[in-house]
Structure formats: structure tokens, C-alpha cells
Amino acid sequence: MNCDRRKPGRGEVTVLVGAQWGDEGKGKVIDILTEDVQYVVRYQGGNNAGHTVVIGDDSYVLHLIPSGILHEGKICVIGHGVVIDPKALIDEIELLKSKGISFDGRLKISGKAHVIFPYHCKLDELREVKKKGRIGTTKKGIGPCYADKVSRAGIRIADLFDREYLKKRLELNIDEKNAILRNLYKTPGFSAGEIFQEYVKYADRLKEHVCDTTLLLNEALRNGSSILFEGAQGTFLDVDYGTYPFVTSSNATAGGACTGAGIGPSRIDRVLGVVKAYTTRVGEGPFPTEFGETLMEKIRTKGGEFGSTTGRARRCGWFDSVLVRNSVDINGIDSVIITKLDVLDELETIKICTAYRYKGALYQSIPGNPGFLEDCEPVYEEHPGWKKDTSEITLHRELPQNARKYLARVKELIGTDIILVSVGKSRKQTLVYE
Ligand code: IMP
């Protein structure tokens with residue numbers, strides 16, 4: 001039986017994911033990998049994401065538009081697994097245009113992507129402010145929009161072009177949301193008419209970009225083009241695999257590329273994971289290797305660990321190999337890129353978490369029982385630091401010996417290859433792992 005996966009002439013598919021809690025530095029890596037592909041695709045999340053790309057003296061933060069837009073000629077696709085706030089998207093397009101980025105038919109949006117409305121943002125915000133057990137969301141309406149999608153009350157981009165249908169759906173939805181807003185949260189509701197008028201204008205602005213992106217991508221592959229799928233957030237924010245309920249509402253893992261963009265699993269040629277040399281997370285939720293106050297402040301400042309979407313201070317901690325090893329399994333990661341190694345440059349000693357101790361037993365994985373990650377005790381090994389600036393180093397063999405040992409130990413513990421190491425924000429601060 002001949003069942004070769006990749007037919008001759010077909011383009012290559014790479015899926016890139018965050019292997020921790022997001023903010024691993026994916027923007028820079030995507031920017032480097034984009035050189036070798038023709039298409040860059042977002043498949044989940046929304047404008048809760050913030051991918052920072054530094055080109056020369058300019059820094060761009062992309063929330064919804066794939067980072068490929070910064071490369072002339074690359075086609076950028078927002079797949080149907082993404083939730084789109086049209087106003088945020090239009091603002092992002094305008095901002096990029098004002099910085100001289102040309103679109104030229106390069107942005108494609110799936111008509112099947114769900115739309116974020118003001119009531120989604122309001123409900124997200126109210127749940128965060130008024131409910132006990134807050135998640136620490138970005139308040140961009142992500143959770144409520146995905147909830148409507150799954151409960152089959154959502155409105156999709158293509159629906160914006162059918163005025164009668166849109167009006168009816170909006171009235172139905174807003175009736176229900178207003179009842180919740182007024183009765184439960186004692187807050188004024190929304191006017192379906194006003195939202196209709198506003199969103200019809202957005203539809204006109206976005207129309208030129210909307211198409212059947214699943215067909216587009218599969219045709220592109222057949223014609224020999226290569227595709228990079230850029231995951232947003234990270235593995236442990238995935239709604240299924242993450243530290244539930246402190247997660248986002250989409251599948252940030254590699255499988256999300258199939259369901260969120262319409263590419264079959266057999267088309268994926270490689271999965272790459274982006275891994276920070278330490279760990280961070282934003283918002284609430286368990287974090288076993290979180291630093292104490294002094295180290296937190298030091299690493300947060302050195303690493304610029306502030307959210308690119310909300311500006312919130314990120315929580316920082318030691319590298320957790322249990323998390324990343326699990327991430328390698330969940331995503332089927334073939335190789336990883338280690339980022340922000342330079343942030344550890346000044347430390348005397350550096351710890352790596354190798355297991356969790358919970359009720360006397362050792363764990364190498366994360367069982368789903370509530371309270372496990374909150375109550376477990378990380379088991380650490382301690383490594384000597386290198387106390388040397390690595391940010392100008394361009395060759396792996398020129399890294400201080402202790403930095404090379406640290407990377408080798410990380411590689412051994414996570415059980416997968418390291419291909420690149422990043423030691424700063426710019427493209428040239430990247431070295432090939434030998
Ligand atoms: P939401 O995605 O806004 O609903 O937020 C849910 C959780 O995911 C919160 O803990 C957020 O801080 C986190 N989150 C969402 N997007 C990102 C991201 O791009 N980077 C890091 N954390 C994120």
C-alpha cells in the first residue's frame with residue numbers, strides 16, 4: 001500500500017505554537033520563518049493576542065493580522081477559527097497602512113470566522129469585574145464570542161453581508177444579552193439598530209478581503225506554495241489542554257490549525273514550538289515555578305515582561321520542563337526555538353523544574369484534578385549561571401559554557417531538538433543551535 005503523505009509538488013506546511021502560557025516570543029520567530037513561505041495563517045484566538053516584531057528601528061505589535069503582512073508579497077489569512085472584532089481589525093489595517101505597509105490583496109479573511117460584538121466585550125468585562133473567581137482575561141470579548149459560536153447563536157463575517165439575516169440574528173441575540181445585562185448585572189443594554197448600522201459599515205470596509213480561505217489554502221498547497229500557521233497564546237491557555245478554567249477559549253495547540261483553517265492533519269509537515277528560557281503567564285491561574293518578589297521584579301524588568309495587548313505585568317518563574325515536555329506531546333512538536341536566553345545572563349544560579357511533588361508522590365505530567373498545580377511542589381535542580389552578556393553572540397559555540405550546558409539540559413529534559421536560540425529582539429540576535 002502506497003500512502004506517502006506528501007505528494008510531489010505539494011507545498012510544505014509548518015505549524016508554530018507557543019509551548020507555555022503564551023508570550024514566548026512567537027512574533028520574532030514567525031517573522032524569521034516567513035521568509036520561506038508564501039502564506040501565513042492565523043487559526044484561533046482574536047485580538048487578545050499581541051505578536052511583537054522588531055524590524056530595524058521599528059517595532060510592530062500585531063493583534064489579528066498575521067505577522068507575514070510585514071513581508072512584501074506574502075499572503076496573510078485569518079482563518080475561520082479566529083474571532084474577529086471588525087473595528088479592531090480595521091484600526092490595525094489603518095495603522096499598518098499609515099506605517100507604509102501595503103496590503104495589495106494580501107489579506108484574506110474567512111467568511112466563516114465569528115464576529116465579536118460590543119455585548120461580548122461588555123459581558124467579558126462584567127464577568128471579570130463582578131464575578132468571583134475571575135480568569136484575568138484581556139476583556140476583548142473572546143470567551144463570550146466563542147461561547148455564542150458553540151451554542152450556535154454566533155454571527156459570522158459572511159452574515160454581515162446579508163442585511164436581513166444580520167438584523168434578525170442581532171435582534172435575537174441582543175434581546176437575550178440585554179436581559180442578562182439589565183437583570184443580572186444592572187447595566188444598560190445595547191440597541192440592535194445602532195449595532196446593525198455600525199457593523200454594516202465595517203462589512204463594507206472588510207468586503208474586499210473576505211473569501212473561502214479553506215479553498216484558497218488547499219489550492220495554494222496543491223500549487224506548491226508553503227504555509228506557516230501561527231498559533232496565538234500558548235499550549236497551557238488552550239481550552240482543552242490548558243490549566244482550565246484559567247485558559248483562553250480556543251485551541252491554541254497544533255490541532256487547532258486543522259479545525260481553525262481547514263487543513264487536514266495529513267498535510268502538516270512539521271510542528272515547531274516556541275519556548276521561553278524561563279516561564280511567564282498573564283492573568284490568574286496556577287503557576288508552580290513562579291518567582292518570589294525580588295527575582296520577579298528583576299526578570300520582569302530585564303525581559304520587558306509586560307503584555308503587548310493589555311500592558312499588564314506578566315508573572316515570571318523558573319523554566320518548567322514538565323510543562324514543556326507535555327507540550328511536546330500534546331502538539332507533536334518536532335523541534336523548539338528557545339527565546340530570551342539573554343534575560344538570564346546576570347543570574348548567579350538558575351533553577352529548572354524537573355517534576356512536581358504532590359501528596360508525597362512524584363509527577364512528570366499534569367493530571368486534571370482541581371488544585372493539583374496550585375498545591376504541588378516543584379522539584380528543582382540548580383545550575384550555575386554564566387554571568388556574561390549573550391545578546392551580541394551569533395554562534396552557539398561562542399555562548400558561555402554554562403549557557404550551553406543549560407540549553408543542553410533543557411533539550412534533554414524536554415526530549416526534543418532545539419533548532420534556534422534567540423538572545424534579543426532583533427532578527428540578527430538569533431543563533432543556530434549546533
Ligand atoms: P482571554 O483570551 O482574553 O479570554 O483571556 C483568557 C486568559 O488567556 C487570560 O489569562 C489572559 O491573560 C490569557 N491570554 C489571552 N491572550 C493571551 C496572549 O496573547 N498572551 C498571553 N496570555 C494571553
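## Helix pairs, ligand and loops

Start with two helices: α3 (residues 118-130) and α4 (residues 142-150) have axes that come within 7 Å and cross at roughly 120°. Keep in mind that this is a predicted model.

**Helices α3 and α4**

- Angles over 145 degrees count as roughly antiparallel and 65 to 115 as roughly perpendicular, with oblique covering what is left over between them; α3 and α4 are therefore oblique to each other.
- The crossing of α3 past α4 is right-handed.
- On the α3 side, the residues in contact are Tyr119, His120, Leu123, Asp124 and Arg127, and they meet Ile142, Pro144, Cys145 and Asp148 of α4.
- Sorted by class, this α3 and α4 contact holds five nonpolar residues, three charged ones and one polar one.

**Helices α2 and α6**

- Over at α2 (residues 86-98) and α6 (residues 192-206), the helices pack at an angle of about 40°, and their axes are 10 Å apart.
- That makes α2 and α6 oblique to each other as well.
- Here the handedness is left-handed, as α2 passes α6.
- From α2, the contact draws on Pro86, Lys87, Leu89, Ile90, Ile93 and Glu94, while α6 brings Tyr199, Tyr202, Arg205 and Leu206.
- The classes in the α2 and α6 contact come out as seven nonpolar and three charged residues, with no polar ones.

**Around the ligand**

- Which residues come nearest to the ligand? Out of the 15 around it, they are Asp23, Asn48, Thr138, Thr248 and Arg312.
- For Asp23, an N or O atom of the side chain sits 3.1 Å from a nitrogen atom of the ligand.
- Thr248 has a polar side-chain atom 2.6 Å from a ligand oxygen atom.

**Two loop spots to look at**

- Going from Tyr244 to Pro245, the peptide bond is cis, and its omega is near 5°.
- You'll find Pro245 in the loop that runs between β10 (227-230) and α8 (256-261).
- Lys139 isn't a glycine, yet its phi is positive, at about 60°.

How values were computed: Residues numbered from 1 in each chain as written. Predicted model: local features only at pLDDT ≥ 70, side-chain atom pairs only at ≥ 80, totals over all residues. Heavy atoms only, no water. Axes fitted to C-alpha atoms, helices over the stretch in contact; angles between N-to-C directions. Helix = DSSP H or I, 4+ residues; strand = E, 2+ residues; numbered from the N terminus. Parallel < 35°, antiparallel > 145°, perpendicular 65-115°, else oblique. Left-handed = near helix turned anticlockwise from the far one by under 90°. Contact = heavy atoms within 4.5 Å. Nonpolar A, V, L, I, M, F, W, Y, C, P; charged D, E, K, R; others polar. Near = heavy atom within 4 Å. Polar contact = N/O pair within 3.5 Å; in protein donor to acceptor, adjacent residues only side chain to side chain.
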